[in-house]
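Trainee: I would like to learn how to read a structure like this one. Please take me through it one feature at a time.

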Amino acid sequence: MPAPVSKPDDPALLRIDGPIATITLNRPTAFNSINLPIAQKLEQLAAYIEGDSAIRVVVIEGEGRAFSAGGDLQTIGAAAEAGTVTPVVGELLKHYHAFIEIIRRMPKISLSSVHGSAAGAGMGLAFVTDLCIAAEDAKFTPAYAKIGVSPDGGSTVGIVGTVGSRRALQIFLAEDNFTAQQAHEWGLVAKTVPAADLKAATRQLAERLAQNPPAAIAGTKQLVYQAAATPVKQQLDAEEHKIVMAMNTEEFRTAVKKFTSKSK
């Protein structure tokens with residue numbers, strides 16, 4: 001299956017460089033807010049990445065001054081006024097949530113690279129990825145309670161699993177916004193860097209992650225996400241299955257030979 005060809009005016013762009021794929025949210029004049037076309041494009045790009053065995057890491061970034069302002073309130077507000085919010089938002093979230101599901105299940109590491117503002121579903125996207133790197137001046141804005149709604153876009157999936165229920169309630173109901181440093185202290189952001197260094201630092205981290213063999217990435221990601229909801233015996237059986245599978249790869253045999261030759 002050939003890689004999708006990105007056109008400059010596409011709402012999301014795909015760039016592939018060796019084992020690293022980069023998805024760029026590309027609605028800069030709307031602060032990369034999520035409408036139906038971008039949700040559909042994101043689902044399409046993620047489905048391609050999931051099926052490409054050569055890709056080990058996917059980076060998600062935003063074009064322009066912000067990572068993402070979240071759901072497109074102009075579209076959603078118009079639907080609410082017209083009494084069509086259920087079908088309009090339902091169709092939008094069908095595609096956007098499909099994109100989130102693929103990101104979470106794909107046997108590859110996803111890395112969000114956040115600058116400017118990440119609000120609402122944009123904040124959710126930043127933290128539903130496996131790892132997040134952020135500019136030191138980035139701001140995260142829950143936004144939901146202020147407009148009288150509950151979280152969507154994977155916000156509870158990524159945040160609750162990282163910070164726990166009490167901190168999540170604080171974030172969604174008691175915080176107007178919080179800084180990249182706070183997010184780092186809470187475990188939501190892996191690393192903060194000066195804004196001018198974000199592109200280079202993201203690339204460096206993505207290259208480091210891509211050095212992990214595919215079996216290690218896939219097995220580790222699946223085991224980590226299922227651990228909290230899996231009985232101990234079942235989790236131990238899964239660990240055994242995954243490590244034996246990984247030990248049957250050429251990458252493992254090569255790594256062990258290299259390690260044992262050093263120790264002699």
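**Reading the model, starting from one residue**

Mentor: Contact means heavy atoms within 4.5 Å. Leaving aside neighbours within four places in sequence, Phe-140 is in contact with Val-114, Ala-118, Met-123, Ala-126, Phe-127, Ala-134, Asn-177, Phe-178, Thr-179, Ala-180, Ala-183 and Val-189. Before going further, note that this is a predicted model, in which local features need pLDDT of at least 70, side-chain atom pairs count only at pLDDT 80 or more, and totals for chains, interfaces and linings use all residues. Residues are numbered from 1 along each chain as its sequence is written, and side-chain values use heavy atoms, with hydrogens and water left out.

Trainee: Where does Phe-140 lie, and is Phe-140 buried or exposed?

Mentor: Two terms are needed. Helices (H or I, at least four residues) and strands (E, at least two) are DSSP runs, numbered from the N terminus. Buried means under 20% relative accessible area, exposed over 50%, and partly exposed in between, with a 1.4 Å probe and protein chains only. Phe-140 is in strand β7, residues 139–141, and counts as buried because its relative accessibility is 0%.

Trainee: Which residues of helix α4 are buried?

Mentor: Ala-121, Gly-122, Met-123, Gly-124, Leu-125, Ala-126, Phe-127 and Val-128 are. That is eight of the eight residues of α4 (residues 121–128), so the helix is largely enclosed by the rest of the structure. Among them, Met-123, Ala-126 and Phe-127 are also contacts of Phe-140.

Trainee: How is a pair of packed helices described?

Mentor: Two packed helices are described by the angle between their axes and the distance between the axes. Axes are lines fitted to C-alpha atoms, for helices over the stretch in contact, and angles run from 0 to 180 degrees between N-to-C directions. Under 35 degrees counts as roughly parallel, over 145 as roughly antiparallel, 65 to 115 as roughly perpendicular, and the rest as oblique. Here helix α9 (residues 214–227) packs on helix α10 (residues 232–247) at about 175°, with the axes 9 Å apart. The pair is therefore roughly antiparallel.

Trainee: Which residues of α9 and α10 meet?

Mentor: From α9 come Ala-215, Gly-219, Gln-222, Leu-223, Gln-226 and Ala-227; from α10 come Gln-235, Ala-238, Glu-239, Lys-242 and Ala-246. The contact has five nonpolar, four polar and two charged residues; Ala, Val, Leu, Ile, Met, Phe, Trp, Tyr, Cys and Pro count as nonpolar, Asp, Glu, Lys and Arg as charged, and the others, Gly among them, as polar. Gln-222, in α9, is partly exposed, with a relative accessible area of 41%.

Trainee: Which backbone angles deserve a look?

Mentor: Phe-31 has a phi of about 50° and is not a glycine; its place is the loop between β2 (20–25) and α1 (36–51). Ala-143, also not a glycine, has a phi near 70° and is in the loop between β7 and α5 (155–163). Phe-31 is partly exposed at 34% relative accessibility, and Ala-143 is partly exposed at 30%.

Trainee: How many helices and strands does the protein have, and what part of it is buried?

Mentor: There are eleven helices and nine strands, and 42% of the 264 residues count as buried. Of the contacts with a separation of 6 or more, 69% are between residues 24 or more positions apart.
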